[in-house]
Amino acid sequence: MSGHTNADRDARTRTATAAGQPGRVVVIGGGIAGLAAAHRLLSAGFRVTLLEETGRLGGKLLAGEIAGAPVDLGAESMLARRPEAVDLARAVGVGERLQAPATATASVWTRGALRPMPKGHVMGVPGDADALAGLLSPDGLARIERERELPPADLGDDVAIGAFVAQRLGREVVDRLVEPLLGGVYAGDAYRISMRAAVPQLFEAVREADGSLQDAVRAVQRSAARRQETGPVFMGIDGGVGTLPLAVADAVRAQGGEIRTGARVVGLSRTPEYWLVRTDEWRLVADAVVLATPAGPASALLAAESPAAAAELAGVEYASMALITLAFRRSDLAGQLPEGSGFLVPPVDGRTIKASTFSARKWSWVADGAPDLFLLRTSVGRYGEEEQLHREDSELVDVSLADLHEAIGLTARPVATRVTRWTGGLPQYPVGHLSRVARVRDAVAKLPGLRVCGAAYDGVGIPACVGSGRRAAEEIIATAPLVRGTVRDGRE
């Protein structure tokens, strides 16, 4: 027997609100999307309880240390020209710690050498062949020039970006640049990834350019020039991007929000008047719910109330990856590191690592935090390569060092290593993904006071996740007359 009586369970029931008082919203999931939703809801006057299954907040954002030096063990930067994440950082008091990369110069390790990352492209897709000179072979460059001989392309409702670019410009463009760039974002396969979801501005530009891919790239570039986009493309945070969710959590608590970690939600049901959220330990009654979990757990929780949404979410696939962080003595690295912030690795070259970031060169705060050490990291694992994650930590370190030796001649041995595994960390966006998301949202919207958010919907980057959380919150706020003050008694 568990030792808990029905009275004990009733005592754990959390009331939502009395009529006429601010409504209570339960946010399920303590990643950056759920935290952003909670923060926005509190600012609109709702009472908020956030539940996180694990013992920590932040999802794939994790600040840690190696050899006593601070470092990000998850995502390390956020797109600055999409404002949601930067705005949230400023709103929760982190604005003064925002930091641009110390260098934005990077390389591609391909065809046996490090080659400068080309400019003048959109996610690896060039506006002319000259943009990829030095990276592609002469035959690959000539193939780009032959696009003008092709008839206009018909995109339909969606298309895989790799397949489309290969058809228009040749496979070498995809294999040497588009694939490693997209792989760094989605850990996915460019030949499966939706162009409409991953590079929407290019998708629309191709439609407007009557099917010419290079014309579309140039149109995107002209549009960016007209907007006079200035400032850094990416931003980090002194102390680590992984500190952002902790700052948001502090702000949520300061506004009166309740946050509970180690709270596994096992059931979600709707009565005529309110939502009932059940955990292993207690029950909560709420006017509204924001479901900010990955697609799998969201599917399980929606199975009873929205079978259609649950079925769609069950079809979302995820890729796993690992980050291998290495700390070296600076004195052991004399002359062994090239310039720049690191390099990408195309899968076609058959290497194990897919990228390496020279963290101590890219971020001043990393260098300042460990002046005698040089920190760098590699990443391993793409969609369909889950076997890489089955290797022991020591083996992942060894294969990373072997690839680093081949790429840059590194012979020094690290003084400390740390492997961080992100199993099922990145949702995949295949052709038709946005239509799937629309079907999920249409099904969920039929239930009063329920919204979904997170990386599975609107993009996997930090600004996209913050924006997804804010969108869910705004939609709850917009239905406030329907959800606010509807629960008269918190007990079942």
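Predicted model: local features only at pLDDT ≥ 70, side-chain atom pairs only at ≥ 80, totals over all residues.

User: Why is Ser-107 called buried?

Analyst: Buried means under 20% relative accessible area. Ser-107 has 13% relative accessibility, so Ser-107 counts as buried.

User: Where does Ser-107 lie, and what is it in contact with beyond its neighbours in sequence?

Analyst: Ser-107 lies in strand E7, residues 107–110.

User: Which residues make the contact between H2 and H18?

Analyst: From H2 come Ile-32, Ala-33, Ala-36, Ala-37, Arg-40 and Leu-41. From H18 come Cys-465, Val-466, Gly-469, Arg-470, Ala-473, Glu-474, Ile-476 and Ile-477. The residues of this contact divide into 10 nonpolar, 1 polar and 3 charged. Gly counts as polar, and Gly-469 is in the contact.

User: How do you know that the buried residues of H3 are on the same side?

Analyst: In helix H3 (residues 84–91), Ala-85, Val-86, Leu-88 and Ala-89 are buried. They cover an arc of only 160° around the axis, so they sit on the same side of H3. An α-helix has 3.6 residues a turn, so residues three or four places apart point the same way.

User: What is on the face of H3 turned away from its buried side, and what covers the buried residues?

Analyst: The face turned away carries the exposed residues Arg-90 and Ala-91. Exposed means over 50% relative accessible area. The cover of the buried residues of H3 includes H2, H18 and helix H10 (244–254). Strands E5 (78–79), E6 (98–99) and E11 (234–237) are also part of the cover. Just after H3, Gly-93 takes a positive phi of about 85°.

User: Which residues of H10 are buried, and what do they pack against?

Analyst: In H10, Leu-244, Pro-245, Ala-247, Val-248, Ala-249, Ala-251 and Val-252 are buried. The buried residues of H10 pack against H2, E5, H3, E11 and strand E12 (258–261). Just after H10, Gly-256 takes a positive phi of about 95°.

User: What makes Ala-360 count as buried?

Analyst: The cut-off is under 20%. Ala-360 has 8% relative accessibility, so Ala-360 counts as buried. Ala-360 is in helix H13, residues 359–362. Leaving aside neighbours within four places in sequence, Ala-360 is in contact with Arg-330, Val-366, Ala-367, Phe-374 and Leu-375. The C-alpha atoms of Ala-360 and Pro-371 are separated by 9.0 Å.

User: Gln-388 lies in a loop. Why does Gln-388 count as buried?

Analyst: At 11% relative accessibility, Gln-388 falls under the 20% cut-off and therefore counts as buried. The loop runs between strand E20 (373–380) and helix H15 (393–408). Not counting residues up to four places away in sequence, Gln-388 touches Thr-352, Val-380 and Leu-396. The C-alpha atoms of Gln-388 and Met-321, 67 residues apart along the chain, are separated by 8.1 Å.

Conventions
Residues numbered from 1 in each chain as written. Heavy atoms only, no water. Helix = DSSP H or I, 4+ residues; strand = E, 2+ residues; numbered from the N terminus. Buried < 20%, exposed > 50% of the residue type's maximum accessible area, 1.4 Å probe, protein only. Contact = heavy atoms within 4.5 Å. Arc of directions from axis to C-beta.
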